Amino acid sequence: MEWNCWKMLKGINMSFLLEFKGLICCSEMGPSSSGKTQVCLRTASNVARNHMVLYLDTGNSFSPQRIAYFLGKTISPSSAQAKNQFLQKVMSNISCHSVFDIFAMFDVLHQLESYLRCQDGRGGCQMRLLIVDSISSLISPVLGSSSTLGRALMTSAGYLLKKLAHQHNLAVLIINHTVGGEGGSSKPALGDSWKCIPHSRLFLSCDRGSNTYNVSILRHPSMASGKAARFVI
Amino acid sequence: MGSHAKAWLVEDESAREMLDRVLTERPFLLLPPLHRVPLRVGNVVELVGPSSSSKTHILIQAAITCILPKLWKGVSYGGLGHSAMFIDLDCRFDVLRFSELLNHRIMEAANGSSSKVGCHQKDSEAQFERMKPYNEELFALCMKRFLYIRCYDSSEFLATLKTLHYRLQKEREVHGVNVHLLLIDSIGAFHWVDRGSSSFPLECDNRKSWHLQNVSEAVVQEIRRLLLVHPMLVMATKAVVLGNKYSTNELTWNYRKWSAVDNPYSRNITSSDQQLPYREYMPAAWQSFVTHRILVRATDDDLVNGEHQNNSIYLLKWLLPPLNSLDKFTVRDTGVFILS
């Protein structure tokens, strides 16, 4: 399954196309208020029209009103009842779980795995998108400097997500933060061991005082890194 | 009795004949960008580098060179015509990118040969159209020779290695070609998980505990056994963190902290002329198994190649055998392209 990220984020100047393939984990990172959650909500609202979405929320940032707003902007004006019905149908496709530590996330993912194993082969609405907002707040508390268990948990979480993506045709969207690096520059949180886990990595930033966001590719299997685009939400 | 003893002394072949036979059956491979040192079956090559330094691309390039035939319907592709086995431990292999690169190589070779004949632009286009079904047939043939398997943890990896012999035998019977290349993407992928699980010992005493050291020894043993029956060139990638002077984005404390942690499983390289720019984390069993080692990393320079193409330049350095030269290369649609 392939769909275009930029088709979903309307109102953007498309300078290049970013494709999310059905099997790839994608990790987005950026400093605070760089639009990461907005991108997730927008993506979720677009995918939920036809498929199911699972949203793992670690910081109570999931907002149904915002999703309703995104959906309301796109449907043609019709009767209030039809609008309501459409909203209900789409919203029922999104399930949001609050997880506040990594073991709760493992729990949810294992449940998801057994659920998807039963669902595979049956028709109807299939789950296609898994969003984790944000993984750094789950893993940073366990990443100590002397213990190896933290990194082991991080790697196992990454492999579980990759396994789910590959075996059940999910697209996995992960949010990561940035931390201060040397010389004042920012670098992605979770260190270098995390860099080897996602398939593609995007860097989001926001222009101060305006509504435009920048996204650039840090790593992609088939596109050169460094390509950038601007968009508004 | 005398005739038996004499029969012992009669030679099978002279040294020259043996050298000829071995060089044709097991040729030296010069794969760009690893063209400085010829590689043969039985060698274990380790590609070391930080994240996203095109290590997987080099593996894919080697695989494509291996699976393409030498000559196909009059067109020379310059490949080996053997199968290649790709064990994906990183689970990030993009098969679409692989097929893109393979297609580009096939088209480049086909176009190259048609231009050699000296036809005009129109003729070469018509010839390309005619060759299209041949290209698809060749593409299907090559993809059949590419074997892929992915493992999500060390136990799956060990299980794969233990049963690989039968799988390769079956492939040999079905396709009639030997497997010449064993590619392992990211041999250190399960390093942290194995290190973490060593703190949970197994209950019974007669099984070996799941230590990082034991897992590595088992992996090396299985690959050695496999190489006895199926002589192959082994290429493995390994993701490392380069030291402070190589990357400006690393925190100093990170590198120092790693050196300070006492790790009984990795060998300390103390000789001054063999200062590694990164910290070696694989156990000694794997380190002594490796026969060739190469370091790749991305530079900050970009090669401006047309309007929208901005390919980054990568540096390559041979660590084992240590060579003084630094090679520059870039990754394009047709594969890895050496710059200097």
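**Entry 1: chain B overall**

I looked up the contacts in chain B (heavy atoms within 4.5 Å) between residues at least 6 apart in sequence, and 69% of them join residues at least 24 apart. The model is predicted, so I noted the limits: local features need pLDDT of at least 70, side-chain atom pairs count only at pLDDT 80 or more, and totals for chains, interfaces and linings use all residues. Residues are numbered from 1 along each chain as its sequence is written, chains are lettered from A and ligands numbered from 1 in the order in which they are written, and side-chain values use heavy atoms, with hydrogens and water left out.

I found ten helices and eleven strands in chain B, taken as DSSP runs numbered from the N terminus (helices H or I, at least four residues; strands E, at least two). Of the 340 residues in chain B, 47% are buried. For burial I used relative accessible area with a 1.4 Å probe and protein chains only: buried is under 20%, exposed over 50%, partly exposed in between.

**Entry 2: Ile294(B)**

I placed Ile294(B) in strand β8 (residues 292-304) of chain B. Why does Ile294(B) count as buried? Its relative accessible area is 0%. The C-alpha atom of Ile294(B) is 5.9 Å from that of Val48(B), 246 residues apart along the chain. Leaving aside neighbours within four places in sequence, the contacts of Ile294(B) include Leu34(B), Val45(B), Leu316(B) and Trp318(B).

**Entry 3: Gln61(B)**

I then turned to Gln61(B), in helix α3 (residues 55-67) of chain B. At 8% relative accessibility, Gln61(B) is buried. Not counting residues up to four places away in sequence, Gln61(B) touches Pro32(B), Arg105(B), Thr334(B), Gly335(B) and Val336(B).

**Entry 4: aromatic rings**

I counted twelve aromatic pairs over all chains, where rings of Phe, Tyr and Trp (its six-membered ring) pair if their centres lie within 6.5 Å, and planes under 30 degrees apart count as stacked, over 60 as edge-to-face and the rest as tilted. Phe86(B) and Tyr148(B) are stacked, because their ring centres are 6.0 Å apart and their planes at 25°. The pair links distant parts of the chain, 62 residues apart: Phe86(B) is in strand β4 (residues 83-88) and Tyr148(B) in strand β5 (residues 146-150). Phe86(B) is buried at 0% relative accessible area, whereas Tyr148(B) is partly exposed at 28%.
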